[in-house]
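Keep the structure open while reading.

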Amino acid sequence: MARVAVVLAVVVRSAFRNARGIGGFLGNNFFLVIVLLMAEEPTDRPSSTAIFYLVIGLLYAIPLANDLTLRIPAERFGLWPLGRGERALIHAANLVLNPLLAVAIAFAALSRHPAVRVGLLASGVVAPLAAYAFKWLARVLRRFDRLSLLRLIPPFPGPLGGLIQNHVREQLRMLDPYFAAALSLGGIVYRISTPNVDATAGLVIGSLVIILMSTLAQAHLGFDSASENTRERLLPISGAAVLWARDAAWFAIVAALAAGYASWPVVTEAFIALAIGHSQVARPRVEQKRGHFASGALWPVGIGQTVGIPVAGAFAHRFGLPVALASVVIYALSLYYYGRKLRRAWADDVESVAGTGAAGPA
Amino acid sequence: MIRCTNLTKRFGARAAVDGVTLEVRAGQVCALLGPNGAGKSTLLRMLAGLLDPDGGSASVAGYDCRASSIAFRRAIGVVPDNLALLPELTIEEQLMASARVYGLDRRTARDRTNDLLELLELSAVRRTLARDGSHGMRKKTAIALALLHNPGAVMLDEPFEGVDPASAESLAGLFAAMARRGAAVLFSSHMLDLVDRIATQVVVLRDGRVVRNEPASPTKRAAALYFDAIGSQPERDIAWLASR
């Protein structure tokens with residue numbers, strides 16, 4: 001029992017020291033949109049959409065409920081002289097210690113609806129179990145890694161084609177594109193199955209797809225391991241080219257996801273999402289974790305994207321092509337400006353800004 | 001040519017590199033020796049333009065390292081301490097992607113990739129994701145990436161560590177051949193027998209300073225030079241480790 005307590009103390013301490021999980025959960029633009037939509041909910045009774053928000057919120061939060069023992073390297077955890085029962089006890093403690101339960105309790109205390117309150121508390125308990133299930137599934141899928149569809153993604157044309165290929169695969173390791181794909185497919189099903197389709201539905205779903213993907217658009221450097229970051233800095237290309245390769249990868253994914261909703265507003269929104277997202281490059285990066293939702297800086301970039309995207313879309317809806325062209329110009333200027341800024345940031349303080357993680361002496 | 005004068009880098013109060021001056025001319029192979037924490041990787045990172053020095057100057061192939069211009073990056077081949085690989089690409093895809101960025105046409109890129117994969121005995125694992133490869137495979141891939149564009153100056157951080165002895169031998173021969181054809185080669189290593197085989201110049205760093213900078217000599221081996229400069233560690237023991 002003493003050994004279990006020691007391990008749990010280590011786990012909890014590292015969980016508190018590294019609160020990135022909570023930051024990641026809150027740093028996603030789509031989460032912000034859900035919170036804003038929830039604020040519009042009637043206060044006297046739960047609306048029919050409350051369950052929808054709850055499910056989305058839960059899906060977003062599941063990574064937060066991941067087994068805390070994952071903070072200990074698997075090899076180290078495996079080497080520790082713990083019995084089978086002790087290991088099971090440590091994993092079970094995760095049900096109580098996971099930060100999502102604390103978040104769920106806090107939200108439940110704030111909620112005015114008993115039904116929502118019960119739902120939130122249930123989520124706090126169910127989420128770690130769901131996280132276990134996801135982990136198990138991921139482990140099974142990893143056995144078939146050689147069959148991974150991501151490896152079928154070919155290099156793109158042009159000198160930067162290999163870099164774009166790498167970034168597409170990287171971005172498809174995150175949950176955001178799959179969530180956006182589900183939303184996009186749902187919209188298509190709605191349009192096919194509903195006799196009198198709302199004319200603006202396509203526009204709204206297209207916007208939501210862009211907003212859902214917008215955190216990835218600002219998380220440019222967050223994917224970089226120290227290794228990848230060093231490679232990009234060694235390559236004989238400008239900062240703008242480094243950014244463009246990432247943008248092109250993002251755009252390729254978004255083009256596939258929003259193909260059913262292609263319109264000037266959606267194209268405009270995509271360029272604006274990238275243009276605003278660039279401003280994150282000269283700030284300390286927010287590290288991304290594969291298999292999670294993208295995490296970004298909510299202020300000012302995330303808020304800027306969440307507001308800027310629909311505003312740009314509304315303008316493009318009203319004025320059409322000229323606004324779309326203006327968004328391309330804004331994007332190009334942003335690419336040039338922040339590309340230069342990226343190279344300068346690398347030159348000024350190469351380690352901390354770009355996060356190569358190797359700042360210490362050799 | 002690789003040249004630096006009074007190059008200094010501080011991390012907080014500690015000088016990781018403290019006024020280092022050295023020159024590696026075209027055709028030379030310079031071995032950078034020193035204990036852990038002596039400043040070898042920091043020095044190489046500054047020379048590669050990856051880390052800004054706090055003082056002094058450095059140039060490689062006539063380009064200022066601090067500016068890290070595109071022309072500078074074209075002129076150098078680097079194996080950094082973290083190997084600098086792209087995680088989502090296979091070993092072969094890494095080489096092809098890099099070759100294209102360096103402006104090689106598709107056919108040349110393909111030919112050079114095949115040559116390097118064969119030379120470094122990576123052909124059998126060419127479709128392995130870089131992040132899934134063994135340390136030795138990843139090290140060899142990083143070396144291939146450094147040589148792919150045939151640079152005039154090559155800087156390698158511990159290129160032999162983690163590589164099997166036969167490959168290390170063949171790599172050492174390759175670096176020596178590159179120098180004979182006019183490249184300046186600077187590498188750090190703890191493998192003193194390989195240093196003896198290929199180095200024409202030996203530099204020993206300690207606490208960020210150059211404590212030896214001599215031409216390699218058949219009469220004075222790298223090990224002797226190293227221990228002269230650094231001194232050897234006394235044999236140590238801990239009582240509870242010795243008892244059972």
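A crossing counts as right-handed if the near helix is turned clockwise from the far one by less than a right angle, and as left-handed if anticlockwise. The model discussed here is predicted.

## Helix pair in chain B

Helix H3 (residues 91-101) of chain B packs with helix H5 (residues 135-147) of chain B: the two axes come within 10 Å and cross at roughly 15°. Angles under 35 degrees count as roughly parallel, so H3(B) and H5(B) are roughly parallel to each other. Their crossing is right-handed.

H3(B) contributes Ile91(B), Gln94(B), Leu95(B) and Ser98(B) to the contact. From H5(B) come Thr141(B), Ala144(B) and Leu145(B). By class, the contact of H3(B) with H5(B) holds 4 nonpolar and 3 polar residues, and no charged ones.

## Helix pair in chain A

Helix H11 (residues 201-218) of chain A and helix H14 (residues 264-277) of chain A have axes that come within 9 Å. They cross at roughly 20°. H11(A) and H14(A) are therefore roughly parallel to each other. The crossing of H11(A) and H14(A) is right-handed.

On the H11(A) side, the contact residues are Leu203(A), Gly206(A), Ser207(A), Ile210(A), Ser214(A), Ala217(A) and Gln218(A). They meet Pro265(A), Val266(A), Glu269(A), Ala270(A), Ala273(A), Leu274(A) and Gly277(A) of H14(A). The contact of H11(A) with H14(A) divides into 8 nonpolar, 5 polar and 1 charged residues.

## Positive phi in chain B loops

Most residues other than glycine have a negative phi. Leu83(B) is not a glycine, yet its phi is positive, at about 70°. Leu83(B) sits in the loop between strand S6 (76-79) and H3 of chain B. Leu83(B) is buried, with a relative accessible area of 5%; the cut-off for buried is under 20%.

Glu158(B) also has a positive phi, near 50°. Look for Glu158(B) in the loop between strand S7 (153-157) and helix H6 (165-180) of chain B.

## Confidence in chain A

Chain A has an average pLDDT of 81, and 82% of its residues score at least 70. Which elements of chain A have the lowest and the highest mean pLDDT? The lowest is helix H17 (residues 350-354) of chain A, at 43. The highest is H14(A), at 96.

Over residues 350-362 of chain A, pLDDT stays under 50. For that stretch the model has 45 contacts beyond four places in sequence.

Methods:
Residues are numbered from 1 along each chain as its sequence is written. Chains are lettered from A and ligands numbered from 1 in the order in which they are written. This is a predicted model: local features need pLDDT of at least 70, side-chain atom pairs count only at pLDDT 80 or more; totals for chains, interfaces and linings use all residues. Side-chain values use heavy atoms; hydrogens and water are left out. Axes are lines fitted to C-alpha atoms, for helices over the stretch in contact, and angles run from 0 to 180 degrees between N-to-C directions. Helices (H or I, at least four residues) and strands (E, at least two) are DSSP runs, numbered from the N terminus. Angles under 35 degrees count as roughly parallel, over 145 as roughly antiparallel, 65 to 115 as roughly perpendicular and the rest as oblique. Contact means heavy atoms within 4.5 Å. Ala, Val, Leu, Ile, Met, Phe, Trp, Tyr, Cys and Pro count as nonpolar, Asp, Glu, Lys and Arg as charged, and the others, Gly among them, as polar. Buried means under 20% relative accessible area, exposed over 50%, partly exposed in between (1.4 Å probe, protein chains only). pLDDT is the predictor's confidence in each residue, from 0 to 100.
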